[in-house]
Amino acid sequence: RDARTSVTLGLLALGGLVLLGLPASAQDPEPSSPPAEPPRIDVTGFVDVYYQYAFNRVDPALRSFDVQHNAFSLSVADVALSKGVAADSRVGFRAELAFGKTADLIAAYEPEDSPEIGKHVLQAYASVLAGSKLQIDAGKFLTALGAEVVPSQDNWNYSRSVLFGYAIPFYHLGIRATLPVNDKLTLAGYVVNGWNNSSEIHGDLPCVGLTATVKPSGKLTWIANYMGGQETAAGDTRHIFDTTLTVTATPKLSLQGNFDYGKEGPSSWWGIATYAKVQVRPSWALVGRYEYLDDTDGGFMTIGQTARTVTLTSDHLVAGGLKLRLEYRGDFTDEAFFADDGGGEKDSQHAVLVGVVYTFGGKI
């Protein structure tokens with residue numbers, strides 16, 4: 001019943017967005033003159049490489065993509081082709097390919113027996129502008145949940161938070177509708193297969209999601225997400241609420257907070273991450289992140305206890321699209337959880353990391 005209620009609400013919300021995005025007049029608008037030149041396609045990409053040394057001298061736990069100890073690692077090589085939608089060009093698309101360890105790790109969550117299917121396709125969707133504002137996307141796209149994203153250069157820190165890797169999904173396959181109501185409010189609705197799922201709908205109904213993005217000023221952004229649906233063949237409905245608040249306190253100081261609460265059957269998990277970024281110089285910033293996580297029910301996060309993480313990052317824009325990150329991270333649990341090279345377990349792990357990312361872009 002919970003799943004059916006969630007899906008019904010999601011479908012109603014998605015339908016409402018479609019209706020809101022349609023033109024007010026029933027009469028078809030006058031066709032616009034063709035553009036002088038056909039729309040060009042954006043080509044973007046990046047290469048992300050890191051070296052990490054973990055002081056337990058084994059591969060670290062509770063990491064998303066920086067999972068190797070004492071090795072130079074290709075995290076990801078990514079290239080994307082995209083064309084946005086506009087009033088004079090209503091159909092667009094995005095096709096993004098990813099190669100490297102990150103692509104392997106993301107695909108490992110697929111329910112398919114063979115995660116090789118489509119693992120290099122990070123995103124692939126077609127877009128249509130319906131009416132004057134409503135954009136509808138159909139295909140595979142990254143999740144809207146969380147304060148962080150897959151490309152490390154778009155995050156404040158290099159390593160991803162535990163919340164990013166263990167409390168929320170990475171991507172979805174289905175339909176997404178986005179409506180910018182005005183310059184301060186944007187709404188979105190989703191009907192998708194589920195969490196990290198390109199091939200199946202568990203149970204009778206798909207998973208649904210809602211997003212609201214509020215920007216009352218240029219200095220404050222608040223995003224709230226809900227997603228619910230059955231995620232296992234014989235399981236309970238999984239619910240997740242995610243919210244992020246970003247504040248530009250001064251021209252040099254930015255703050256951010258991310259909260260997640262999830263529930264599936266008798267198990268629940270929650271966590272909070274706080275961030276502070278100081279722009280010391282235009283090409284250099286210092287970033288701190290602190291997380292507190294509660295998975296004492298042993299639910300989706302699989303930690304089975306409370307945990308804390310502390311991350312300090314020195315972020316350097318070297319030149320052009322070349323970015324260098326120097327980072328320390330410590331992870332702590334109430335009871336022994338982290339392996340060490342002696343075959344035992346410890347209640348903490350510490351690591352230092354150097355990350356290098358080069359981004360590029362152009363048009364064809």
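**Pockets, cavity, cores and strands**

Mentor: The largest pocket has a volume of about 500 Å³. This is a predicted model, where local features need pLDDT of at least 70 and side-chain atom pairs count only at pLDDT 80 or more, while totals for chains, interfaces and linings use all residues. Residues are numbered from 1 along each chain as its sequence is written, and side-chain values use heavy atoms, without hydrogens and water.

Trainee: What makes a space a pocket and not a cavity?

Mentor: On a 1 Å grid over the protein atoms alone, a cavity is a set of points where a 1.4 Å probe fits but cannot get out, whereas a pocket is an open set with protein on both sides within 12 Å along at least five of seven lines. The volume is the space filled by probe spheres set on the points, which are joined across faces, edges and corners.

Trainee: Which residues line the largest pocket closest to its centre?

Mentor: Ala144, Gly146, Thr211, Thr213 and Ile223, out of 21 lining residues; a lining residue has an atom within 4 Å of a point. β7 gives the most to this lining, with four residues. Strands are DSSP runs of E of at least two residues, and helices are runs of H or I of at least four, numbered from the N terminus.

Trainee: How many cavities of 30 Å³ or more does the structure hold?

Mentor: One. The largest cavity has a volume of about 60 Å³, and its 11 lining residues include Gly118, Lys119 and Tyr171.

Trainee: Why are 26 residues called a nonpolar core?

Mentor: A nonpolar core is a set of buried Ala, Val, Leu, Ile, Met, Phe, Trp, Tyr and Cys residues joined through side-chain atoms within 4.5 Å. Buried means under 20% relative accessible area, with a 1.4 Å probe and protein chains only. The largest such set has 26 residues, so it is called a core; Val162, Ile240, Leu293 and Met301 have the most contacts inside it. Apart from it lies another core, of 17 residues, among them Val67 and Phe170.

Trainee: How do you know that β1 and β2 pair?

Mentor: Two strands pair if DSSP finds at least two bridges between them. Strand β1 (residues 42–54) and strand β2 (residues 71–83) have 11 bridges, therefore they count as paired, in the antiparallel sense. Glycine 45 stands opposite valine 79 in β2.

Trainee: What joins β2 to β3?

Mentor: Seven bridges, with the strands running antiparallel. Here aspartate 78 stands opposite alanine 98 in β3.

Definitions and conventions. Buried < 20%, exposed > 50% of the residue type's maximum accessible area, 1.4 Å probe, protein only.
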